[in-house]
Amino acid sequence: MKLPKKPLKCYHFFKHEEKKLVSSILTSQSIHFSQTRQYSTTSTISDPSSTTTVNMNLLLFMNHSPVKNALWEARSSIFWNYSSIVPLASSINDHLIAKTPSRSRTSVVYRFSSDYELRERYRNPINEIRIEKLLEDLDALAGTISYKHCSCDDGKARSLILVTASVDNMILKKPICIDNDITIEGAVTWVGCSSLEIQLEVKQSTPEPTNSTESVSLTANFTFVAKDKTGKSVKINQILPENEKEKHLWEEAEERNKMRKKKKEEKKDNLNELLLANKDNNNNILIKETCLQNSLVCQPEKNNIHGQIFGGYLMRKAYELAYATAYSFARSPPCFVEVDHVDFLKPVNAGDFLHLKSCVIYTRVENSSRPLINVEVVSHVTQPQDLSSEVSNNFYFTFTVPSDSLRNGLKIRNVVPGTEEEAWRVMDVRDSFHP
């Protein structure tokens, strides 16, 4: 596609002041820092208390959100000038420092109570927040936090690539009402040699006559890894927890990292038992009978700063398919409980043909008042021309069903594997089942 000789200027306006705030220069659909900079009009990072609302019509066209605007504001300050990029030195320890979690702490405010257009973009049919859009934004904010931690002490960026490796324990503690403001806040909690973990919290404001209180509605842990342009692991800044809470979060993350490394033990004894259990039970249904699938071609507007498809966008598409799968299986609109785990195995690029397959992989029906449905979504980068494909991501979501449906006689069937390969997958899911 041939770019215009003159840059296209886009104007943002304050809703109440009706005056021009900033002009952004958009010279390409690619958002790699060496090709273009996209300006942000949000002020939530630099001034979280600001009540300024930006006209959302242009942001809707640009597929932006408060988090994505904050992302570009934070990263563009690092990547705007080539002179601010510090090359990876021959001695990899050059430019490395230790940072406290407060150095990367970032918060973004969603002013749903006063911004109608923003509220409608995030509203779902039951007047709660659209989880799939929240997943996309959480990944974007986690990426911004990782860049802040890995930059040099003078604010300059090292020429490394930070990618989402996994997501663990994204737990919805209570429904998020779309009519009240929310704040997403996070910081780096743990650092290894070339990987780091970011914990995010979604806090919901509840207005009261005299004051307003905030409580945590959702927590999530993202793991990012640092690589150079050849794909080799790169050392990153270490972390210095300052207080007891930060030390506790570091210990929890260290334990999770150890558990990730020692998996797949003591499973063979349960394999045959799982395959043979309740084969003739009328309440059972085979995994293969719960499957759905979807395909799409990835577009450049969903690129991240490295020219690859945003991990958050992939999570969003996987969630939409998982929700439909749980809905079809349960015969009732499902309620989101948590993201159990997400693996990012292979980058996805603009133009890739992405094929997503889903199934109900595991159910827990012992508690009849709150049955749990675990949905697996596997995405494949497919080459139809030579009939080949490669797994890019694995996603695991947990849902339940509304209590009203259960009171009206709805029963959730027990899902069972029909093959040994399915039985292994079920055991992997059961071992990491959190609710």
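Predicted model: local features only at pLDDT ≥ 70, side-chain atom pairs only at ≥ 80, totals over all residues.
**Exercise 1. Find which helix holds Asp139, and decide whether Asp139 is buried or exposed.**

Residues are numbered from 1 along each chain as its sequence is written, and side-chain values use heavy atoms, with hydrogens and water left out.

Next, the accessibility: Asp139 comes out at 3%, so it counts as buried (under 20% relative accessible area, 1.4 Å probe, protein chains only).

Then look around it. Beyond neighbours within four places in sequence, Asp139 touches Thr164, Phe222, Phe224, Phe310, Gly311, Gly312 and Met315 (contact means heavy atoms within 4.5 Å).

**Exercise 2. Work out how α5 and α8 are arranged.**

Take residues 131-150 for α5 and 311-330 for α8: their axes come within 7 Å and cross at roughly 160° (lines fitted to C-alpha atoms over the stretch in contact, angles from 0 to 180 degrees between N-to-C directions). That makes the pair roughly antiparallel, the label for angles over 145 degrees.

Now the partners: on the α5 side they include Ile131, Leu135 and Asp139, and on the α8 side Gly311, Met315 and Tyr319 are among them.

**Exercise 3. How much of α8 is buried, and what follows the helix?**

Count first: 14 of its 20 residues are buried, so α8 is mostly covered. Then step past the end, where Arg331 has a positive phi of about 60°.

Conventions:
Helix = DSSP H or I, 4+ residues; strand = E, 2+ residues; numbered from the N terminus. Parallel < 35°, antiparallel > 145°, perpendicular 65-115°, else oblique. Buried < 20%, exposed > 50% of the residue type's maximum accessible area, 1.4 Å probe, protein only.
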